[in-house]
Amino acid sequence: MLGCRSTLDAPWMWAGWVLCALGGYLMVRRTVGVTLRHHAAPLREATMRAMTKALPLIIVAAALVGGGIGLLGPYAFGSFTILAFPIALAGMLGTVAAGTALVRHRICPTVDSPAG
């Protein structure tokens, strides 16, 4: 292996994961709050409380989606393995968007539902 070793025992990698997870949590929470404030959404505080509780699970799900696509990329895309990276990013963003929309729909279903 020419002196290569797994980086799972490197403390800087674990610190990076923690910083990325914390940064993602704070950025998604702030973005949802600003968006709700911009649209003058009803039940903003209830939505933010529910988002604060659900966001760690949403971030873990997004990481699992991205990691799964990254691991299965060579099998799914064959010689186009390079496509796994942008698809994994899109999958992670989609997971966070779907999770936040689900939380919003659970908190305020009558406001989000179309009239009809």
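Visitor: What share of the contacts with a separation of 6 or more is between residues 24 or more positions apart?

Guide: This is a predicted model, in which local features need pLDDT of at least 70 and side-chain atom pairs pLDDT 80 or more, while totals for chains, interfaces and linings use all residues. Residues are numbered from 1 along each chain as its sequence is written, and side-chain values use heavy atoms, without hydrogens and water. A contact means heavy atoms within 4.5 Å. Of the contacts with a separation of 6 or more, the share from residues 24 or more positions apart is 63%.

Visitor: In what order do the elements run from the N terminus?

Guide: Helices (DSSP runs of H or I, at least four residues) and strands (E, at least two) are numbered from the N terminus. The protein has four helices and zero strands. The order is therefore α-α-α-α.

Visitor: Against which elements do the buried residues of α1 pack?

Guide: Buried means under 20% relative accessible area, exposed over 50% and partly exposed in between, with a 1.4 Å probe and protein chains only. In α1 the buried residues are M13, G24, Y25, V28, V32, G33 and L36. They pack against α2 and α3.

Visitor: Is T47 buried or exposed?

Guide: T47 is found in helix α2, residues 44-77. Leaving out residues up to four places away in sequence, T47 touches L36, V103, R104 and I107. Because its relative accessibility is 1%, T47 counts as buried.

Visitor: Which helix gives the most to the lining of the largest pocket?

Guide: A pocket is an open set of points on a 1 Å grid over the protein atoms alone, where a 1.4 Å probe fits, with protein on both sides within 12 Å along at least five of seven lines; lining residues have an atom within 4 Å of a point. The largest pocket has a volume of about 410 Å³, and of its 14 lining residues the closest to its centre are C20, G24, I59, A62 and M92. At least two lining residues come from each of α1 (11-38), α2 and α3 (84-107). The most, six residues, come from α1.

Visitor: Which residue forms a salt bridge with R44?

Guide: A salt bridge is a side-chain nitrogen of Lys or Arg within 4 Å of a carboxyl oxygen of Asp or Glu, and the count here is one. The closest N and O atoms of the pair are 2.8 Å apart. The partner of R44 is E45.

Terms used: Points joined across faces, edges and corners; volume = space filled by probe spheres on them.
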